[in-house]
Amino acid sequence: QACPNEVTCAEGCSDCCHALFDISLVEALYLNAAFNERLPQGPGRERILDLADAADRAHYKLKRKAVKAGEKGVSTESILADLARERIRCPLLGDDDRCVLYDCRPVTCRLYGVPMEIGGKAHSCGKSGFAPGGAYPTVKVEILQDRLFALSGELAAGIGSTFPLLADMLVPVSMALLTEYTPEYLGVPGEG
């Protein structure tokens, strides 16, 4: 509302649905639960899982390439810039360029299109009307990410997970859909 001429997001625009990013444990569990509840079985679910599998393999290859670049001495800033240019279609993006779980989408999806500060630098969608160097209200993403990590920590503690780093887990949307978040996976002690 503050910048109606600059925020050009509209139905059918799916630029953000091709961006690379990971989500926190609490977001992954929420998205997974919504997916399983709304698409418990059928060809639509199987199609999304097939797309998620392909997207997850593509994410893995890109992350492996980034690790190798780091081992060769390429700067982190350069690696991140290269990754920001990569595009992988989200498995939840329907043929009509609309999100299948729009009302349950992660924070990154919700913020895409508005100016964000990440690592002290401003970023915005290339399709937006925000002029480089202009003064605009900006979302400090690290504050939201810190809160999501804190919520993930509270969740892990609340379920009694025996995995000390569970709350630090970040996964792409594809992995959040493919994973069966069983008590064993989450490190929840139980009988038998």
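Aspartate 22 and lysine 63 form a salt bridge, their closest N and O atoms lying 3.1 Å apart; the term requires a side-chain nitrogen of Lys or Arg within 4 Å of a carboxyl oxygen of Asp or Glu. Because aspartate 22 sits in the segment before β1 and lysine 63 in helix α2, the pair ties together parts that are 41 residues apart in sequence. Aspartate 22 is partly exposed at a relative accessible area of 28%, and lysine 63 is partly exposed at 37%. Here buried means under 20% relative accessible area, exposed means over 50%, and partly exposed is in between, with a 1.4 Å probe and protein chains only.

A word on the model before going further. It is a predicted model, in which local features need pLDDT of at least 70 and side-chain atom pairs count only at pLDDT 80 or more, while totals for chains, interfaces and linings use all residues. Residues are numbered from 1 along each chain as its sequence is written, and side-chain values use heavy atoms, with hydrogens and water left out.

## Other salt bridges

Searching the whole structure gives eleven salt bridges. One of them joins glutamate 11 and arginine 98, at 3.1 Å from N to O. This pair links distant parts of the chain, 87 residues apart: glutamate 11 is in the segment before β1 (23-24), and arginine 98 is in the loop between α3 and α4. Glutamate 11 is exposed, with a relative accessible area of 67%, whereas arginine 98 is partly exposed at 44%.

A local example is aspartate 82 with arginine 85, whose closest N and O atoms are 2.4 Å apart. Both residues belong to helix α3, three residues apart, or about one turn of the helix. An α-helix has 3.6 residues a turn, so residues three or four places apart point the same way. Aspartate 82 is partly exposed at 38% relative accessibility, and arginine 85 is exposed at 56%.

Helix α2 covers residues 43-71, which makes 29 residues, and reaches 42 Å from its first C-alpha to its last, close to the 42 Å expected at 1.5 Å a residue. That expected span is 1.5 Å times one less than the number of residues. Helices (H or I, at least four residues) and strands (E, at least two) are DSSP runs, numbered from the N terminus. The buried residues of α2 include Arg45, Ile48, Leu49, Asp56, His59 and Leu62. Among the elements covering the buried residues of α2 are α1 (25-38), α3 (76-85) and α6 (173-178). Just after α2, glycine 73 takes a positive phi of about 95°.

Setting aside residues up to four places away in sequence, aspartate 56 touches Pro172, Ser174, Met175 and Leu178, where contact means heavy atoms within 4.5 Å.

## Asparagine 32 in α1

Asparagine 32 lies in helix α1 and is buried at 7% relative accessibility. Apart from neighbours within four places in sequence, asparagine 32 contacts Ala176, Leu177, Thr179 and Tyr181. The C-alpha atoms of asparagine 32 and valine 173 are separated by 9.0 Å, though these residues are 141 residues apart along the chain.

## A three-stranded sheet

Three strands form an open sheet in the order β3-β2-β4, with mixed pairing. β3 (121-123) and β4 (139-140) are at the edges with a single partner strand each, so one side of each is left without a neighbour in the sheet. Two strands pair if DSSP finds at least two bridges between them; β2 (residues 116-118) and β3 run antiparallel and are joined by three bridges.

For cysteine 16, the nearest cysteine sulfur is that of cysteine 17, 4.0 Å away. For cysteine 104, the nearest is that of cysteine 99, 8.4 Å away; cysteine 104 is buried at 4% relative accessibility.

Most residues other than glycine have a negative phi. Aspartate 97 is not a glycine, yet has a positive phi of about 60°. Aspartate 97 is in the loop between α3 and α4 (107-111) and is partly exposed at 28% relative accessibility.

How values were computed. A disulfide is a pair of cysteine sulfur atoms within 2.5 Å.
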